[in-house]
Amino acid sequence: MRRWVLLLVVTLVIASAAQAADDPDQKSYPSLKIGGFSDFNFFASEEDEGDRGRSGFKEGQFVLHFVSEVADRIDFFGEVSMTAREEDDFKVELERGIIKYTHNDRFKVSFGRFHTPINWWNTAFHHGQYLQTSVARPAMTRFGGEFIPVHFVGAQAEGLIPSGSHNLKYIVGLGNGRDEVISQGGDAGDVNSNRAWLVNLSSKPDYAYGLQYGGAYYSDKITLEPAPGVFEEYDEAIVSCYVLWNRETPEVIVEYARVEHEGEDTGESFTSDAYYVQLAYRLPQLNSKLKPYARYEKIDVDEGQTVFGALMDRQGYLGGLRIDVVNLFAVKVEYRHQRTEDDPYVDAVWAQAAFVF
Amino acid sequence: MWTPSGPRQPLFSERGSWVRRLVIAGFVLVALCGVAEAGAIAVVAHPGVEVDDLSFAELRKIMLADRQFWSTGQRITLIVRAPVAIERTTLLERVFKMSEAQYRQYWVAKVFRGEATDGPRVVVSNEEAVDLVSVLEGAITIVDAVDVPEGLKVLRIDGHLPGDPEYAFN
């Protein structure tokens, strides 16, 4: 009897293995894949603390990216960063954690911590410096910046809209909005009972392969505590638009955003604008490894505004050269000529090695 | 040269020289046709895919995963040849207008943005490609037209099949 049971078990094991070998699409869940991005920098800048110029090597962010098929049509995306800080330690942060259900091309719903789809750059490049052409992000969408809410905690629905050759795509989101520290998202809950919501529409038309354009609208209520126990609330509305040509010969990116704040108690309103224009061109020489680029950008903060704490007017330009040394490893050299408010322009040079692992 | 029955007759007579020329011309013509047919690229899909015709733009969107589902709700499985194969080169140069480096970077970005969980399946031969397309529901690939076996669905592109004068991949 024991012999027959053993024979049955062996047969079942062999049959399972054979079925697995014959079925090329047999999936096991979860199927976790991990990738990484990092960069290493050298900079020299006229910006200083005290009377000294600053220069030196700087560790970029160490980013781990997680992708997992949790079940059929349910996927998880995660992004964890480690950032060197002046306090001689590293800040570890969950930049994105998203669980997503995909019904079809027209409807996908996800929950978690996102990069707010309030403008194009914020959802195109995330924390992987290798993917973006330049060393630095535009000031308007800088991590830790205040101009736009870079992170968004909540829910998001997205998909394609039947629109023929226009290929329209929508994103609608509902979430916690900004935290009391307005450069941060409301990770541990909303600071008020008002949820932030947004709508994003974009198009990648068939008639112009490489062209993409779109816009977004974002609404939130911000609660600030300028003094202990003293609260101020502002209605926030952000409008943005962009157009880009991303075929690299050339690459053209133009983005604009306007942020409006209105004090609930004071009725005062403030309007701040920001935009940038980036041009790049991948040269045919040297196996197309070279891509020079240039960018002009400006942030114009409403005078007298009381919402943005550290944000000031900023403008300037930068230019550089990206060298794709080998697949997934690039070296960038960048010169910046920028100023804050009406201060004199400050020059800086950056060199960056950015890669995927 | 003498044969036991007499001198060897020449293989072709004067009239036979024309026959020889016609035979040789015929072989050359057949060979040329064979070469032309071997160069035609076919877009093939799993027999269960309920699509017979794709526009060129739609093919691009599918192969770049800007569209990830057939209209029936079946997920699209992309199968592409490994680098250097003529089928992959055709996709890069004529459909995507990308270099190999740009294509790799495209898929790194696609996955990093959460728009896809993985890149396309990469195969090293047309035999492997058609084997997978025949068993994977929703699968699509491009292969040399002569390697397409019976029973596999060849999609029209802008209404044309391989061999049509207006076919996109001629």
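1. Start with A:P250, which sits in the loop between β10 and β11 of chain A. The bond joining A:T249 to A:P250 is a cis peptide, with omega at about 10°. Keep in mind that this is a predicted model, and that all the values below come from it.

2. A:E248 is in the loop between β10 (230-246) and β11 (251-263) of chain A, while A:R282 is in the loop between β12 (269-280) and α3 (285-288) of chain A, so the pair ties together parts that are 34 residues apart in sequence. For context, searching the whole structure over all chains turns up 30 salt bridges.

3. There is another cis bond to look at in chain A. It runs from A:Y29 to A:P30, with omega near -10°. A:P30 belongs to the loop between α1 (2-22) and β1 (31-49) of chain A.

4. Next, backbone phi. A:R73 isn't a glycine, yet its phi is positive, about 70°; you'll find A:R73 in the loop between β2 (52-71) and β3 (74-84) of chain A. Over in chain B, B:K97 isn't a glycine either and has a positive phi of about 55°. B:K97 falls in the loop between α3 and α4 (100-112) of chain B.

5. On to helix packing in chain B. How far apart are the axes of α2 and α3 of chain B? They are 11 Å apart, and helix α2 (residues 56-63) of chain B packs against helix α3 (residues 86-96) of chain B at an angle of about 125°. That makes α2(B) oblique to α3(B). The crossing of α2(B) and α3(B) is left-handed.

6. As for who touches whom, α2(B) contributes B:F56, B:R60 and B:M63 to the contact, and α3(B) contributes B:L91, B:R94, B:V95 and B:F96. Sorted by class, the contact of α2(B) with α3(B) has 5 nonpolar and 2 charged residues, with no polar ones.

7. Chain B also has an open sheet of 6 strands, in the order β4-β8-β3-β7-β5-β6, with mixed pairing. Its edge strands are β4 (53-54) and β6 (121-123) of chain B, each of which pairs on one side only. Zooming in on one pair, strand β3 (residues 41-45) of chain B runs antiparallel to strand β7 (residues 139-144) of chain B over 5 bridges. To get your bearings there, look for B:V43, which stands opposite B:I142 in β7(B).

8. Last, the helix over that sheet. Helix α5 (residues 126-135) of chain B lies across β3, β5 (77-81), β6 and β7 of chain B. Relative to β7(B), helix α5 of chain B runs at about 150°.

Methods: Residues numbered from 1 in each chain as written. Chains lettered and ligands numbered in written order. Predicted model: local features only at pLDDT ≥ 70, side-chain atom pairs only at ≥ 80, totals over all residues. Heavy atoms only, no water. Axes fitted to C-alpha atoms, helices over the stretch in contact; angles between N-to-C directions. Helix = DSSP H or I, 4+ residues; strand = E, 2+ residues; numbered from the N terminus. Parallel < 35°, antiparallel > 145°, perpendicular 65-115°, else oblique. Left-handed = near helix turned anticlockwise from the far one by under 90°. Contact = heavy atoms within 4.5 Å. Nonpolar A, V, L, I, M, F, W, Y, C, P; charged D, E, K, R; others polar. Pairing = 2+ DSSP bridges. Salt bridge = Lys/Arg side-chain N within 4 Å of Asp/Glu carboxyl O.
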